[in-house]
Amino acid sequence: MIQTEKRKLDHIKICLEKDVSSAVRTGFEDVHLIHNAMPDINKKDIDTTVEFFGKNINAPIIIGAMTGGTGEAAKINKNLARAAEELGLAMGVGSQRAAIENEKLAGTYQVRDVAPTMPLIANLGLVQFVQDYTVKHARDAVSMIEADALAVHLNPAQEAVQQEGDVDWTDASSKLRVLCQELGMPVIVKETSAGISRETTMKLGKCGVSAIDISGVGGTSWSYVESFRSDSKSGKTFRDWGIPTAVSIVEAGKSVKIPLIASGGIRTGIDAAKALALGADYVSISLPLLEPATKSHKKVKEKLEQIMEELKIAMFLLNARTVSELKNKDVVITGKTKEWLELRGIKVNEFSNKIALDVLRSSFDDKLYSGN
C-alpha cells in the first residue's frame with residue numbers, strides 16, 4: 001500500500017474512532033436568531049431550493065469532502081452520493097491525489113453510476129500545484145469523476161504538523177491564479193478546519209476563484225487528526241489553531257462578493273440557519289455523515305433529512321419563506337465572537353439592523369398599536 005493510500009485509510013479510522021473535534025467552539029453559541037412568535041407563512045410552503053453552479057439543489061447543503069483512495073472509501077462515497085442524489089443535494093469527494101498517483105484507485109472516487117445528476121465537486125490540494133501539478137492534473141481529476149467543479153483545498157496547518165507534510169508553499173497565489181484562468185470551470189477554494197481570514201479572502205478573490213469554503217475552527221481539527229497518526233506533539237498543540245467558523249463567515253463575507261460555503265462544526269439545522277444569516281450561501285457537512293456512510297445510504301439520508309427539517313423549522317420560526325429571506329433576517333452577535341469582529345473593525349450592529357426601523361413601523365401605519 002503506497003503512502004498516500006495508507007494515510008487515507010488512517011484518516012477514516014481515526015475520524016471514526018477518536019474525538020477529533022477542536023476544543024474551541026464554532027462561535028455559533030454567540031450568534032442569536034430573532035424568534036418570530038407570529039409567523040405569517042405556512043411551514044409547508046417554505047422553499048429551501050437554491051442554485052449551485054447552474055444546477056438547482058433542494059437545500060443549501062453540500063456533503064463535504066471526506067475520503068477516497070481506499071476500498072473502504074469507495075463504499076463510503078457511494079453511500080454519500082446515493083443519499084445526495086435522492087435528496088437533491090451537492091457533494092464533494094476527498095482529495096484525489098491518491099488516484100492521480102495510482103490510477104487503479106480512481107474507482108474509489110467514482111459515483112456517477114449511483115448519482116448521475118447531482119452537482120459533484122472534484123478535489124486536489126493547492127500545495128500539489130505549487131510542487132509539480134499542472135492544469136492537466138486538475139482536468140484529470142475533474143474528468144475522473146465527471147465533476148461540475150474543482151475544489152482546491154488549503155491545508156497548511158495539517159501539512160505543517162504531518163510527518164510527511166508538504167511545507168513549501170512558495171508562489172501558491174500565482175499557481176492558483178493560473179489554475180482559475182485556464183481550467184475553464186468553477187474553482188472552489190476550501191480550507192481544512194482552520195478558517196479563512198478577510199486578508200486571505202481578498203487574495204483569493206484576486207486569484208479569480210468561483211467560491212470559497214471557509215472551513216473554520218469548531219469542527220474536525222485536521223492538525224489533531226494528524227497527532228493520532230504519528231503521536232505528534234505539534235498536532236496536539238495546534239488542535240485549536242485558526243479562526244472560529246462564525247467569525248470566518250463574517251470576515252470572508254465582508255471581503256468579497258462571491259459565493260461562500262460555511263463548514264466547520266455544522267451539526268444541526270440551526271447551525272445552518274445561523275451560518276446563512278451571517279452571510280454564507282451554502283453549508284457543508286462532513287464528519288456527522290461519516291459513520292452513517294459506513295453503514296448505508298439510508299442512514300446518511302436520515303441524518304441529512306433531520307438537518308434539512310431542522311433548517312425548515314428554523315426558517316418557519318424566523319418567518320422566512322426562502323433562503324434569500326433567511327439571509328436578510330436580523331442576527332444578534334454577542335460574547336467572544338462580537339469582541340473578535342469588533343477588534344477587526346467589523347460593525348456587529350449591522351447584523352441586528354438589517355431590517356430598517358421605518359419598514360417595521362410602516363406595517364403599523366406609523367402608529368404603535370396600544371392593544372385597546
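Q: What classes of residue make up the lining of the second largest pocket?
A: The lining of the second largest pocket has 13 nonpolar, five polar and two charged residues. Here Ala, Val, Leu, Ile, Met, Phe, Trp, Tyr, Cys and Pro count as nonpolar, Asp, Glu, Lys and Arg as charged, and the others, Gly among them, as polar.

Q: Before I go on, where do these values come from?
A: The model is predicted: local features need pLDDT of at least 70, side-chain atom pairs count only at pLDDT 80 or more, and totals for chains, interfaces and linings use all residues. Residues are numbered from 1 along each chain as its sequence is written, and side-chain values use heavy atoms, with hydrogens and water left out.

Q: Which residues lie nearest the centre of that second largest pocket?
A: Leu-154, Pro-156, Trp-169, Glu-191 and Thr-200 do, out of 20 lining residues. The volume of the pocket is about 430 Å³. On a 1 Å grid over the protein atoms alone, a pocket is an open set of points with protein on both sides within 12 Å along at least five of seven lines, while a cavity is a set where a 1.4 Å probe fits but cannot get out; lining residues have an atom within 4 Å of a point. Points are joined across faces, edges and corners, and a volume is the space filled by probe spheres set on the points.

Q: Which helix gives the largest share of the lining of this pocket?
A: H8, with four residues. Helix H6 (156–161), helix H7 (172–182) and helix H8 (198–207) each supply at least two. Elements are DSSP runs numbered from the N terminus: helices are H or I with at least four residues, strands are E with at least two.

Q: Which element supplies the largest share of the lining of the largest cavity?
A: H1 does, with five residues. Helix H1 (3–17), H6, strand S11 (282–285) and helix H13 (287–293) each give at least two.

Q: What about the second largest cavity, how much space lies in it?
A: About 100 Å³. Its lining has 14 residues, of which Ile-62, Ala-65, Ile-121, Lys-190 and Asp-213 lie nearest the centre. Strand S4 (61–63), S6 and strand S8 (187–191) are the elements that give two or more residues to this lining.

Q: Back to Trp-222. Where is it found?
A: Trp-222 is in helix H9 (residues 222–230). Leaving aside neighbours within four places in sequence, Trp-222 is in contact (heavy atoms within 4.5 Å) with His-11, Cys-15, Gln-158, Thr-192 and Ser-193. Trp-222 and Val-20 are 202 residues apart in sequence, yet 7.7 Å apart in space, C-alpha to C-alpha.

Q: Cysteines next. How many disulfides?
A: The structure holds zero disulfides (pairs of cysteine sulfur atoms within 2.5 Å). Cys-207 is in none; the nearest cysteine sulfur, that of Cys-180, is 6.4 Å away. Cys-207 counts as buried because its relative accessibility is 5%. Buried means under 20% relative accessible area, exposed over 50%, and partly exposed in between (1.4 Å probe, protein chains only).

Q: Which residues touch the most other members of the largest nonpolar core?
A: Ile-61, Leu-80, Met-91, Leu-176, Ile-249, Leu-278 and Leu-304, in a core of 100 residues. A nonpolar core is a set of buried Ala, Val, Leu, Ile, Met, Phe, Trp, Tyr and Cys residues joined through side-chain atoms within 4.5 Å.

Q: Now the backbone. Which way does phi go at Asp-171, positive or negative?
A: Positive, about 65°, although Asp-171 is not a glycine. Most residues other than glycine have a negative phi. Asp-171 sits in the loop between H6 and H7 and counts as exposed because its relative accessible area is 53%.

Q: And is Ser-215 buried or exposed?
A: Ser-215 is buried, as its relative accessible area is 8%. Ser-215 also has a positive phi, about 40°, and is found in the loop between strand S9 (211–213) and H9.
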